[in-house]
Amino acid sequence: MAPPSAVSPDHAINGDSSPSNLAPHEPGISESKAKVQMPKFPGPPEFTDKYAERNYLKGRLAAAFRIFGKYGFDEGVAGHITVRDPVEPETFWVNPFGVAFSLIRKSDLIQVDHEGNIIDGGEVRLLNAAAFMIHGAVHKARPDVLCAAHSHSIYGRTFCSLGRKLDMITQDSCSFYNDHVLYESFNGIVLAEKEGKDIAACLGDKKAALLQNHGLLTAGSTIEAAVFWFLSLEKCCQAQLTADAAAGGRGHETVKIHDDDAAFTYKTIGTPRAGWFSAKPLFDVIEKECGGDYLQ
């Protein structure tokens, strides 16, 4: 016998047919069957002292670079992650050009204003022009974005050569359901202000962009969320490349998740709070592995 629909139950279960939100991964399940509730995600720390918040965010940003280095998201000197400064919100902190992700420390970061001027930071005060053009435009257009991340990761840039958005073929891809865009242009290295503004305009209010023939861009209200969305999007690109190849080799297509199920799943795993919490293990492990070296 086929199981009852997970979306629209058409008969009572134990006399109770009312939908429940107690089991978020099973839309429409009756309350009498919902035995386990998903816990509420905790949240990032809150600060009353903006200078203490700046110090904390710089440490988390340095950790983010160590994570990117660990996962091989560095490609020569390409790639950048930025965080909006809480003391001077019209500025942001970014990695110095030419310093390896795996070596970056909090004291190495440089502070840049929206005119591209380096106003504070470590000994290496070189700014990647592309980092400024893209991230400066995103931070200016999106006051809700604390952090933005971009790198030339292998599966991301490979998928971005296809000129298409993600299919909803896995639970993880549902994190990006109606929350990512395709930027359908490539004009070389982003050195022009207009190109940065065009990317920011295309991103709109979404958390991720597939930059055609280029790579991935993610944004978040926390450093952790932006970093996790990048890692997750990279793996979703890998999963779809693999699944499409396997299905195509057999003359088939991948099975797509229904829109209702994708939207429902998004509400659990695609929120800013879920992104922040999902990154916690990554940051815990990098702190253990680095011994806090990045905090210097």
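**Getting to know this predicted model**

Q: In this predicted model, what share of the 296 residues in the protein is buried?

A: Let's start with the whole chain, a predicted model. To count as buried, a residue needs a relative accessible area under 20%. Of the 296 residues in the protein, the buried ones make up 47%.

Q: Why do the buried residues of helix 8 sit on the same side?

A: The buried residues here are Leu282, Phe283 and Ile286. An α-helix has 3.6 residues a turn, so residues three or four places apart point the same way.

Q: Which helices are included in what covers the buried residues of helix 8?

A: Leu282, Phe283 and Ile286 are the residues in question. Their cover includes two other stretches of the chain, 50-70 and 223-249. Those are helix 1 and helix 5.

Q: Is glutamate 115 buried or exposed?

A: First, find glutamate 115: look in the loop between strand 3 (110-113) and strand 4 (118-121). Its relative accessible area is 63%, and the cut-off to pass is over 50%. So glutamate 115 is exposed.

Terms used
Residues numbered from 1 in each chain as written. Predicted model: local features only at pLDDT ≥ 70, side-chain atom pairs only at ≥ 80, totals over all residues. Heavy atoms only, no water. Buried < 20%, exposed > 50% of the residue type's maximum accessible area, 1.4 Å probe, protein only. Helix = DSSP H or I, 4+ residues; strand = E, 2+ residues; numbered from the N terminus. Contact = heavy atoms within 4.5 Å.
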